[in-house]
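Dear colleague,

Please find the structure below, handed over for your own work. A summary of the findings follows it.

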Amino acid sequence: MLFPSVKQSAIPRVVITGAGIITALGLGWKQNVEGFRVGQTAFRPVTPFDVSRQRVKTAAEIDVPAELPRTFLKRKAEKRLERAGKMLLHAAHEAWEQSGWKASDNIPVVLGTTSGGMSLGEDFYRHALQSPTSDFQQASRVTYYQSQRQAMELCNAFGFSGPLMLIANACASGTNSIGHAYDLIRTGQADRVLTGGFDAISHLVFSGFDSLQALSPTRCRPFDAHRDGLALGEGAAVLTLETLEEAQRRGATILAEIVGYGACTDSHHLTQPHPQGDAALGSMNAATECAGLQPRQIGYINAHGTGTPLNDAAEAGAINRWAGEQAKNIPVSSTKASIGHTLGAAGSIEVVICLMALRENFLPPTATLETPDPLCQFPIVQKPTAASFEYALTNSFGFGGANATLILRRWL
Amino acid sequence: MAVSSIYVNGIGAVSPAGWGVAPFRDALAKKQALPDQDLARPGFAQPLRYRHVPEPQPRPAFLATPRLRRTSPISQYATAAALEAIGSDCERVKAGELRLGIVFTVMSGCVNYSRRFYDETLCDPSTASPLVFPETVFNAPSSHIASLLGTKAINYTIVGDPGTFLQGLALAADWITNDRVDTCLVIGADEMDWLGTDAYRIFQPKIVLSDGAGAVYLGKKESPVRMDAVTNSHLFLQTQNRHCAALKMSLELPTTASDALLCDSTQNLIKLDAAENAAWQNWQGSRLSVKNVMGEGLMAAAAWQCVAAVDALQTGQFSQTNVSVVGCNQQAIGARFSSIVK
């Protein structure tokens, strides 16, 4: 039963035992660590659709490997997956292999996305207009356009039965999904959960951000005094979460512990944050309270840091208020400077980046930063820096006022 | 604080029958399919058919608010259903006396504005409207509702097939039980246009799509209807077909009352209904198929099923109701409500 569910007497600790990632820096942990460690950026002209009439023409696009990992997924289903579904499968495969999980029932899946297989939806629409009397391949397009189909193919690929939840909280989706997975384990509703986020660039979404003039016509420079917008990216990240008890019983390698999750709703405006970052502050406070931590204990913040004037100002204000006098001691960076804003995948990807920072002992930089905005009372990581710390915090904020924060603890 | 029971503190509906639970109830009582309307489809000589929500009479005041006056129908339906369900608690939320969570569930989402914005993009991206694009985002309706009610508490938009609404009920109950919120609105909504209607025609030529919203307001405050259970979500997988998933769901909801009602998701389409009919072939109680009257409203339809189930208890017709949702392409899931009137 989903309700009422069986409750455990003690609140279990939640650990990460597998992590998979694909971004424009590459496929897998190693390529991404190498990229973030040197402050690489991955922007180039967009190729999946025509951007000749757009104001901005670049994004952090992925060369999705043609070969999919070997799974239980049928060839027919593999062929029908579009870019987002393929990215999700790649990331999930890496996490699954690392975790050592085996096919079984009752592994909940919680994923975040904003638009799933939107490019197939676009194909469906164009075909419906151009060839209205032909339904050729339209059924496949409309089926695989839907996010639940892509997520269900994960269940088919690895041989488990769900249940499945797809959170679409705009750009906070990936963080909310991991946060919800964390909640499922902490409240005793699951012993383990596969979770993450995915999104691929699509014409509609690219044009949407361009129409809002949210895309940088120069270079995405989060927290820079002269920042002028974000850059879009695409990708996926997947984690395997389980109770500490279960991970230790299996002898699994523990990558980190999730210790805090907070979420807050900003009702200021559909697309603009509260100018002082009230909801961002609420979400960071909720996460630190959940973790039983003080801001001074956080060793690194992976900021939402989109590079838009409004977001970064609100987030900087929120971090300043949240950390107070301690702000000057907490290094902050936005890795969107390297891989762009991956929307529904961003929160999950940034959790994996925090994992990298915790395990590989470095602070990933805001690679394009030139002139730090004086609003920021905290140090912005400008160059790749060696560092060892215990707690990392990551923020995600989305359209519609979805704000979410996660805190990870280094596992020694 | 552990909460032993979750109660239904309110319901709301917007449907092809009209704005509110009352016209919805009246239409169900007549047991006759509501009339279809024409829906022009570019490139087709014959229009598609669907059941559309009529214009509200009078126009709700919230549609004049800055956030909602330009919104797509889905936001308007969802907000109306939410406001009806929450009732007078609206003021307590605005006053900060109640922490209100929102779970908004949706399948197709804001197709009207998405189609319009993409069409503008194809014609000339430089003139694509920045006012339209944000409304295409899945969580725009829940954002508008949160803003209108002034709640800052947790707010999830969940995407999936119609069974997702019932997952939303379980999620809301969990938030309340674990003291994350005091009360929670669970809303299911979808809107139709020719694009969405055409997509379903490919799979089921006889299907009649419809649009609207339904809302269930859950809380700890004792009320005449209690939410007893939400089953597991049984996915349609390579290793588990619709029949198997539907049967597993039905087996989780054994009848305990002689005067029970089953609100199912069938719609007089033999192939589509087969799994659900097989799963409930031994059902002895009464049966109500909301979609036969309203049409296939996707997420709204699952919400209507729950609204009908609760309404049947509130009006004293039954002491227990089961809701069965065998969704379009994801899951079979069920729920049970009961009357606690002594």
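**Strand pairing across the chains**

In this predicted model, Leu166(A) has Val159(B) of S6(B) as its bridge partner. The strands concerned are S6(A) and strand S6 of chain B, residues 155-159, which run antiparallel and are joined by two bridges.

**The interface as a whole**

The contact between the chains involves 57 residues of chain A and 59 residues of chain B. On the side of chain A that touches chain B, at least two residues each come from helix H4 (118-130), helix H5 (138-145), helix H6 (147-158), strand S6 (164-167), helix H8 (203-211), strand S9 (256-265) and helix H10 (278-291). Sorted by class, that side of chain A comprises 28 nonpolar, 23 polar and six charged residues.

**Helix H5 of chain A**

Which residues of H5(A) are buried? They are Arg141(A), Val142(A), Tyr144(A) and Tyr145(A). Within chain A, the buried residues of H5(A) pack against helix H2 (75-80), helix H3 (83-99), H4 and H6; in chain B, they pack against helix H7 (194-203).

**A helix crossing within chain A**

Helix H7 (residues 173-186) and helix H13 (residues 346-360) of chain A have axes that come within 5 Å and cross at roughly 70 degrees. H7(A) and H13(A) are therefore roughly perpendicular to each other, as angles of 65 to 115 degrees count as such. From H7(A), the contact is made by Ser173(A), Gly174(A), Thr175(A), Ser177(A) and Ile178(A); H13(A) contributes Ala346(A), Gly347(A), Ser348(A), Ile349(A) and Val351(A). By class, this contact of H7(A) with H13(A) has four nonpolar and six polar residues, and no charged ones.

Yours sincerely

How values were computed
Residues numbered from 1 in each chain as written. Chains lettered and ligands numbered in written order. Predicted model: local features only at pLDDT ≥ 70, side-chain atom pairs only at ≥ 80, totals over all residues. Contact = placed C-beta atoms within 7 Å. Helix = DSSP H or I, 4+ residues; strand = E, 2+ residues; numbered from the N terminus. Nonpolar A, V, L, I, M, F, W, Y, C, P; charged D, E, K, R; others polar. Pairing = 2+ DSSP bridges. Axes fitted to C-alpha atoms, helices over the stretch in contact; angles between N-to-C directions. Parallel < 35°, antiparallel > 145°, perpendicular 65-115°, else oblique. Buried ≥ 20, exposed ≤ 12 C-beta atoms within 10 Å, placed from the backbone.
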